[in-house]
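Here are my notes on the model you sent over, as numbered points.

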Amino acid sequence: MGEQTLNRRTFLQMNGIAGTGLVLGFNFYSCKHASEIRAEAKEWSEMNAFLSIADNGQVTIMSPNPEIGQGVKTSMPMIIAEELDIDWKDVIVKQAPFDAVKYTRQVAGGSQSIRKGWTALRTAGATAKEMLKNAAAEQWNILPAQCTASSGWIHGPNGEKMSYADLAPLAKEQAVPTDVTLKDPSEFTIIGHSKMNVDLPDIISGKPLFGMDFYREGMVYASILKGPFGARIERYDDSRARALEGVIDVLQLEDKLAIIGVDTWTCFKAKKLIDVQYKNQKTKWDSADISNNLKNLVRSNKLVVKREDGDVDKAFSTADQIIERSYSAPFLAHNTMAPMNFFAHVTSDKVECVGPIQTPQWTQGRIATLLDRPKEDVTIEMTRMGGGFGRRLYGDFALEVVEISSKINKPVKLVYSREDDMTGGIYRPASEYIFRAALKNGELVAYEVLGASVNDKNCVRPDFFPAGCLQHYRVSAGALESDITTGAWRAPVTNFVAYAEQSFLDEIAEELSISPLDLRLKMLDQAIQNKLDNPDLEYEFDPLKFKGVLLDVAEKSQYKGKEKQLGLSAYYSHNTYVAEVVELNEMNVSKIYCSIDCGIVVNPIAAENQAQGGVLDGMGHAMYGALTFNKGEVEQQNFHQYKLIRMNEVPDVEIHFIKSTNDPTGLGEPTLPPIGGALANAFYRGTGKRIYSQPFMDVLQDVLG
Amino acid sequence: MKEFSIVVNEKEHTVRVHEDTPLLWVLRDHLKLTGTKFGCGIAQCGACTVHIDGDAMRSCIYPISALGESKVTTIEGLSTKNDHPLQEAWVKHDVPQCGYCQSGQIMTAAAFLKESKNPSDSEIVEAMSGNICRCAAYLRIKEAVKTAAKS
Ligand code: FES
Ligand code: FES
């Protein structure tokens, strides 16, 4: 997906429209945190798609991307406000409507909102500021360059001043400048300064912010009944369900049933009264079969080589010693706190959708195709999401509710029960990896990774570390096809591969009798040297930044490589560098140190929260997470069978950001991948046991009791 | 279906629902009080926590027919101006990530702090461990409960 760009045509289109309709009250939720004592805004001047200035000095900033808990609804507007030179207290933030022309990349995924939005958001603020300056200069008959902006005012060289509020109606008539100067990071007064989550007041008072909370007069409720993966419906008996008071209809949507009723509970109740017979189920695999098939595949010649440097076979055949280890990953469910849900109302003139979705544009296209209608008919209003973790990238639930509404001609809200959500997911695929290292004359000379994953033939990251560090290096991968639906789960692929790699490195260090920290630093130095020797050598990380976080976390945690209770791990993903150290107290994880280089940190208070969340999410799933199958059916139905981490299992997590003036990179995912390795390495120190599969508790149970 | 009269946030409401309808769905679908959240439906996550006669209860497993004369308080009725000490502490610590679990966390903590005036850290952890936060904002939740306990 491309960079977010500020479309020039959009600027021109918006320019000159004294927009009130679009800016005011299009949402069923609002957030008022700007000072409420001031006079009510009467007229708004829309400067561009991202911002409007009112005659009372308030500024409405549109937050373009879906809010999933990663904090972009606060941090993206902060970036605009910074370049506009407005006080944050005067800002009202609104979720922008979905509009791919105006806002281009409206996606929550891949930890890319801030990184890809950075320049466009800054430009939006700076361009409006420039237009305000131009308008003031015209009033005062001076050159725009003689004007300065600060806190919502334009100042002239001789003490003249005019507020943004007064200038805005004139400014919006100005030509749109094309080459504005952006601030130097040293001038930032909003970016890098903590701002409270703009939705916080509404969250803590229970306002209807989430898709699950949406209500429309005349709306009915729906629930979906799905069979085992790959099964088709042969026949079903819904007579008992239909007899239940409050049930409106039962529909068949290909291989699923939809139950429609007057409230959610009626739908849940009715669902239990339906008898369904399934047929043609191809994949009746149990988890054990899947795991055996993956183990066979990863050792077969069916894998495809994704990258090979040097002569790996020769290096292995002439090695003094070969270390080979395999690592197994279970399926994981996303288990977003709010189960899947969506609202739709399909009528002859439009298709109105409201709900939590990470990919509104993709979903709009799929809905249009499903109904065979033009895309323009389909509107999607993005609500706050009760978690995503990748699950809400897939609009399956939106398509379901659209189909239901189109069949019954009513506004419908679809609500999954937790059981529906857990058993009808799009899971982190189970995978199997083999890591091999060749040692010669006390050095690591060659390295190989083999990966096999359910449905994912790209289950490796060939250009990430340690690409470039070794002369002989090879990465291969293959997929096992299955009807079990799989997809992106927070930090796809790396959420497991990082653990395997980082545990494996500690084993290599042990064999070579050097500290795990020194091994990593040495490999990174080697990558720098190899690039000097061969400028064509490519790898996707900066060894210096990588070393930076390693050295920082080592200093913060006093890691020297010999302490019994510390485990180290570091990983680069989503353009961000993270190193973590796990500290054990007896056998309990007592503290986690985490150093991050993600460039400029836009909103420190939220960034720390997000980083801690990533670490603890990774820890919880590495320790306890597993979804298993029996004859193609999910065995875990709800949280009593699928354990999520809770407060009594949470250690202190100390986050350190490396000071930087580089453009910001991702933060929603990158703190997750390293934690598994840091835990496994710490547990090895504590127990003498290496761990080769998740969840760790299956292995540690005996030791930990 | 049957008619029930219930008192929520000091207001009386009459609804017609199945007798076994959990209070959660009466609040959400019928009274449009959607601050109380649905997470699991089996008393495992705490997202649906409300106060029934002052005690923290999981509304997802509390059938409306069992309510009788009892009075219900939801997050919407916890304070009038977001000025409950817990809400203030939530602001101070900027607690939420996605925010979906937070009303349940606050309602659990509010009932707990009413009973234990000066709780230790481990008492707080014990009281709050029944509530899941999938985003794992646990460290902030803990700090905020501590702050509120002190005020
Ligand atoms: S929804 Fe009631 S405890 Fe989870
Ligand atoms: S903040 Fe997302 S579940 Fe707690």
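1. Start with A:Lys226, which is partly exposed at a relative accessible area of 29%. This is a predicted model, so read every value here as computed from it. The partner of A:Lys226 in a salt bridge is A:Glu400, and their closest N and O atoms are 3.8 Å apart. With the cut-off for a salt bridge set at 4 Å, the pair of A:Glu400 and A:Lys226 is counted at 3.8 Å. A:Glu400 itself is buried, having a relative accessible area of 2%. Because A:Lys226 belongs to strand E8 (residues 220-226) and A:Glu400 to helix H12 (residues 396-408), both of chain A, the pair ties together parts that are 174 residues apart in sequence.

2. Next, have a look at A:Asp199 and A:Lys73. They form a salt bridge too, with 3.0 Å between the closest N and O atoms. A:Asp199 sits in the loop between helix H5 (164-171) and helix H6 (200-204) of chain A, while A:Lys73 is in helix H2 (residues 72-84) of chain A, so this pair links parts 126 residues apart in sequence. Both A:Asp199 and A:Lys73 are buried.

3. Now for a pair that crosses chains. A:Asp617 and B:Arg134 make a salt bridge whose closest N and O atoms lie 3.0 Å apart. Since A:Asp617 is part of helix H17 (residues 604-624) of chain A and B:Arg134 of the loop between H4 and H5 of chain B, the pair joins two chains. Buried or exposed, this A:Asp617 and B:Arg134? Both are buried.

4. Some charged residues share partners. A:Glu308, A:Asp313, A:Glu324, A:Arg436, A:Glu448 and A:Arg474 are joined into one network by such salt bridges. For the overall tally, searching the whole structure gives 46 salt bridges over all chains.

5. On to the contact between the chains. Chain A puts in 67 residues and chain B 54. About 5,000 Å² is buried between chain B and chain A, and 60% of that comes from carbon and sulfur atoms. How many salt bridges are there between chain B and chain A? The count is six. One more pair to inspect by eye is A:Asp213 with B:Arg28, a salt bridge with its closest N and O atoms 3.0 Å apart.

6. Which elements of chain B give two or more residues to the side that touches chain A? They are strand E2 (11-17), helix H1 (23-30), helix H2 (85-92), H3, H4 and H5 of chain B. H5(B) has the largest share of that side, with five residues. Sorted by class, the side of chain B that touches chain A has 28 nonpolar, 15 polar and 11 charged residues.

7. Last, helix H4 (residues 121-128) of chain B. The buried residues in this helix are B:Ile124, B:Val125 and B:Met128. Viewed down the axis of H4(B), they fall within an arc of 95°, so the buried residues line one face of the helix. Those buried residues of H4(B) pack against helix H3 (102-115) and helix H5 (138-150) of chain B. On the face of H4(B) turned away from the buried side you'll find the exposed residues B:Ser122 and B:Glu126.

Terms used
Residues are numbered from 1 along each chain as its sequence is written. Chains are lettered from A and ligands numbered from 1 in the order in which they are written. This is a predicted model: local features need pLDDT of at least 70, side-chain atom pairs count only at pLDDT 80 or more; totals for chains, interfaces and linings use all residues. Side-chain values use heavy atoms; hydrogens and water are left out. Buried means under 20% relative accessible area, exposed over 50%, partly exposed in between (1.4 Å probe, protein chains only). Helices (H or I, at least four residues) and strands (E, at least two) are DSSP runs, numbered from the N terminus. The arc is that of the directions from the helix axis to the C-beta atoms. Contact means heavy atoms within 4.5 Å. Buried area is the accessible area (1.4 Å probe) that two parts lose on being put together, summed over both. A salt bridge is a side-chain nitrogen of Lys or Arg within 4 Å of a carboxyl oxygen of Asp or Glu. Ala, Val, Leu, Ile, Met, Phe, Trp, Tyr, Cys and Pro count as nonpolar, Asp, Glu, Lys and Arg as charged, and the others, Gly among them, as polar.
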